[in-house]
Structure formats: C-alpha cells, structure tokens
Amino acid sequence: AASAATAAGGEALPVPNYDQLSVASLRARLRVLDAAQVQVLLDHEKAREGRPAVITMFERRLTKLSEGS
C-alpha cells in the first residue's frame, strides 16, 4: 500500500507526507516551492481536506509568488 499522497491527477505531491503535516509544518515548507507546486497543493487541499486555514495560506503564497516576492 502506497502511503505517499497524490494529487488529483495521480502524480506525487511536492511535499512528502502531506496528509500527516500540521499547518505550521506546511507553512515552513512553502518557501521552497514554486507557484506550480503550491497550486498542486491548493488543488489537493480543496479536493480532499478542505481546511480553510490551509487554503488561505496557499492562496496568499500564490499571490506573493505572482507579485515576485
């Protein structure tokens, strides 16, 4: 049984053990991800977990990345 989280398309998520991580752990990992990777996580979160705080965090990170921060 594979324990790695996968995105809707079946590809592996850019963060290992995503489904076991706390919001704080996810936040710490965001800095090294590009916009495409954050979008994959956002889509996964919306489809599976639906945690408002995590969705907001990913959306804010995408905004910062699009502004060049």
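Helix α3 gives the most to the lining of the largest pocket, with 6 residues. Helices here are DSSP runs of H or I, at least four residues, numbered from the N terminus. This is a predicted model, in which local features need pLDDT of at least 70 and side-chain atom pairs count only at pLDDT 80 or more, while totals for chains, interfaces and linings use all residues. Residues are numbered from 1 along each chain as its sequence is written, and side-chain values use heavy atoms, with hydrogens and water left out.

A pocket is an open set of points on a 1 Å grid over the protein atoms alone, where a 1.4 Å probe fits, with protein on both sides within 12 Å along at least five of seven lines; lining residues have an atom within 4 Å of a point. The volume of the largest pocket is about 190 Å³. Its lining includes V23, R27, M57 and R60, and by class holds 4 nonpolar, 1 polar and 5 charged residues.

I turn to the core. The largest nonpolar core, with 15 residues, is a set of buried Ala, Val, Leu, Ile, Met, Phe, Trp, Tyr and Cys residues joined through side-chain atoms within 4.5 Å. Of these 15, V15, Y18, L26, L41 and F58 have the most contacts inside it. The largest share, 5 residues, comes from α3.

Key
Buried means under 20% relative accessible area, exposed over 50%, partly exposed in between (1.4 Å probe, protein chains only). Helices (H or I, at least four residues) and strands (E, at least two) are DSSP runs, numbered from the N terminus. Grid points are joined across faces, edges and corners, and a volume is the space filled by probe spheres set on the points. Ala, Val, Leu, Ile, Met, Phe, Trp, Tyr, Cys and Pro count as nonpolar, Asp, Glu, Lys and Arg as charged, and the others, Gly among them, as polar.
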